[in-house]
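Please look over the sequence and the 3D structure shown here, and then read the briefing that follows.

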Amino acid sequence: MDAILNELISASQNGQIEQRADGYWIEAAGADPREIAGVMKAYHARLSTVTAVNRADGETDLIYHFFLPKKPINVRVTTREQRLPSVATILPAANWIEREIHDLFAVQFDGHPDLRRLVRPPEMPEGFYRQPGGAAARTERTA
Amino acid sequence: MPYKLPIGPYHPALEEPYKLLLTCRGEVIEDVQVEVGFVMRSIELLAQRRNYIQDLVLVEHVCGICSNVHAMTFAMAAEKIAGIELPPRALYIRTIVAELERLHSHLLWAGIGAEDIGYRSMFMEIYYLRERVMDILEAISGNRVNYGMIALGGVTRDLTDPESILTAVREVRKGVEKVVIPIFTQDATVKARTQGIGVLSTEDAVAYGAVGPLARASNVPDDIRESDPYGAYPELGFKPVVLPGCDVQARVVVRALEMLEAVRLIEEALRLIPAGPIRIADPLPVIPAGEATARAEAQRGEVFYYVASDGSDTPVRVKIRTPSFVNIPAVQAITRGQFLADLPLIQASIDPCISCTDR
């Protein structure tokens with residue numbers, strides 16, 4: 001297990017690692033997701049999904065949730081001007097995941113084989129989920 | 001000369017709206033493109049505007065078949081952020097309801113599979129068994145579909161009549177052992193329609209990230225109940241069902257054996273269930289700022305939730321990853337080179353849920 005964590009830390013350019021109740025979390029804002037995906041593929045980890053989270057500065061945090069039995073690993077990467085390299089060619093499971101994030105959060109995945117819209121019609125603007133949540137969403141609605 | 005054949009999004013043969021664009025050469029499928037999004041309700045976005053108690057109701061409506069598991073996984077994520085420990089009885093009740101849900105879903109699937117093969121009488125037989133499970137769920141919760149059993153920090157209702165649950169699940173076991181398994185494994189017509197059909201290799205299953213019975217029928221030993229245990233499963237001696245067949249028949253048999261395992265788990269849980277409270281004392285626990293992920297094994301595979309809180313009563317981010325979202329793309333790998341006439345059964349064999357996929 002330590003080997004994979006060490007490899008991940010070097011692949012994520014010295015990401016900060018933390019162990020929590022729901023697995024390992026690696027903060028790797030500037031990392032290249034392709035290098036992380038390469039390490040995880042070598043260890044036969046399954047890509048559960050990627051969570052996109054809006055940031056106040058207009059960028060998007062992408063949390064890659066990998067699953068190894070009893071050891072879930074979550075890696076947080078931040079987009080650069082709403083762009084990131086695609087991992088769909090390394091992990092086919094990421095194909096639909098990246099299409100959905102492109103559709104709902106307007107993130108461009110460079111190198112994706114087929115970055116069509118997934119759930120919303122092509123006529124609608126991208127980034128429907130770029131809306132506030134939590135307390136901010138409630139103030140906005142009651143205002 | 002290959003030709004293109006569109007099916008859907010609205011088609012009499014589809015229970016839910018989605019679109020398949022087939023490229024065929026004669027009777028053989030060369031490629032399939034799947035399009036989804038026709039029943040998108042933006043549940044993630046809605047959940048980020050409602051409080052946690054309202055969200056429990058909302059996420060239960062992601063899907064009509066696997067409703068309870070969504071509320072349970074959402075609650076597990078919120079409870080992880082707040083560090084809430086559940087009373088043991090609540091863990092057992094959650095497990096029993098989850099297994100009853102698996103039982104009715106697998107029976108529903110087996111019924112539809114039988115109908116797709118053209119085995120009408122078997123469909124009737126299986127749906128009779130499923131109705132017994134639905135009756136039990138209605139007796140426990142008052143509802144047949146959205147049970148509303150999950151509360152933050154426990155469950156909303158106690159189990160008061162374990163004997164009736166035992167009687168019903170034993171009846172289901174008898175039916176599965178005497179009718180479902182023998183027909184699905186020995187009947188000549190069923191064997192001809194299922195053996196060697198719709199093969200998903202182990203490599204493809206891993207590459208597409210397939211989960212649940214689809215992956216386990218392709219020899220991928222991945223079951224969240226064992227690999228990331230939750231609820232009362234660690235105390236019940238759970239064993240995953242994994243088969244190397246990779247074809248439609250393996251998927252049928254995995255689900256049939258999982259039904260028997262579900263009955264065993266329910267029996268064991270009802271034997272071991274401790275007395276005590278069914279939820280924590282605080283009915284409206286505060287979820288502090290933080291984030292957490294939660295996984296549970298629904299009947300179709302791993303359900304994944306990510307919840308982030310800003311300390312208010314409304315989550316900042318709710319991410320829902322349903323098993324069908326990863327299993328449906330695998331249809332591409334499964335259908336290449338198959339006969340067009342086998343497509344309905346191949347599709348049914350992955351137990352796709354479009355409501356789940358679109359959310």
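With 143 residues, chain A would have a radius of gyration near 15 Å if it were a compact globule, and its value of 16 Å agrees with that; the radius is taken over C-alpha atoms, and the globule rule is 2.2 Å times the number of residues to the power 0.38. This is a predicted model, in which local features need pLDDT of at least 70 and side-chain atom pairs count only at pLDDT 80 or more, while totals for chains, interfaces and linings use all residues. Residues are numbered from 1 along each chain as its sequence is written, and chains are lettered from A and ligands numbered from 1 in the order in which they are written.

**Chain A**
- The C-alpha trace of chain A spans about 50 × 35 × 25 Å along its principal axes.
- Chain A has 4 helices and 7 strands, where helices (H or I, at least four residues) and strands (E, at least two) are DSSP runs, numbered from the N terminus.
- Of its 143 residues, 45% count as buried, a term for residues with 20 or more other C-beta atoms within 10 Å of their own, whereas exposed stands for 12 or fewer and partly exposed for values in between, with C-beta atoms placed from the backbone.

**Where the chains touch**
- In all, 33 residues of chain B are in contact with 30 residues of chain A, contact being defined by C-beta atoms, placed from the backbone, that lie within 7 Å.
- On the side of chain B that touches chain A, the largest share, 5 residues, comes from β8(B).

**Residue B:Q186**
- B:Q186 is found in helix α6 (residues 162-186) of chain B, and it counts as exposed because it has 9 C-beta neighbours inside 10 Å.

Notes. Contact = placed C-beta atoms within 7 Å.
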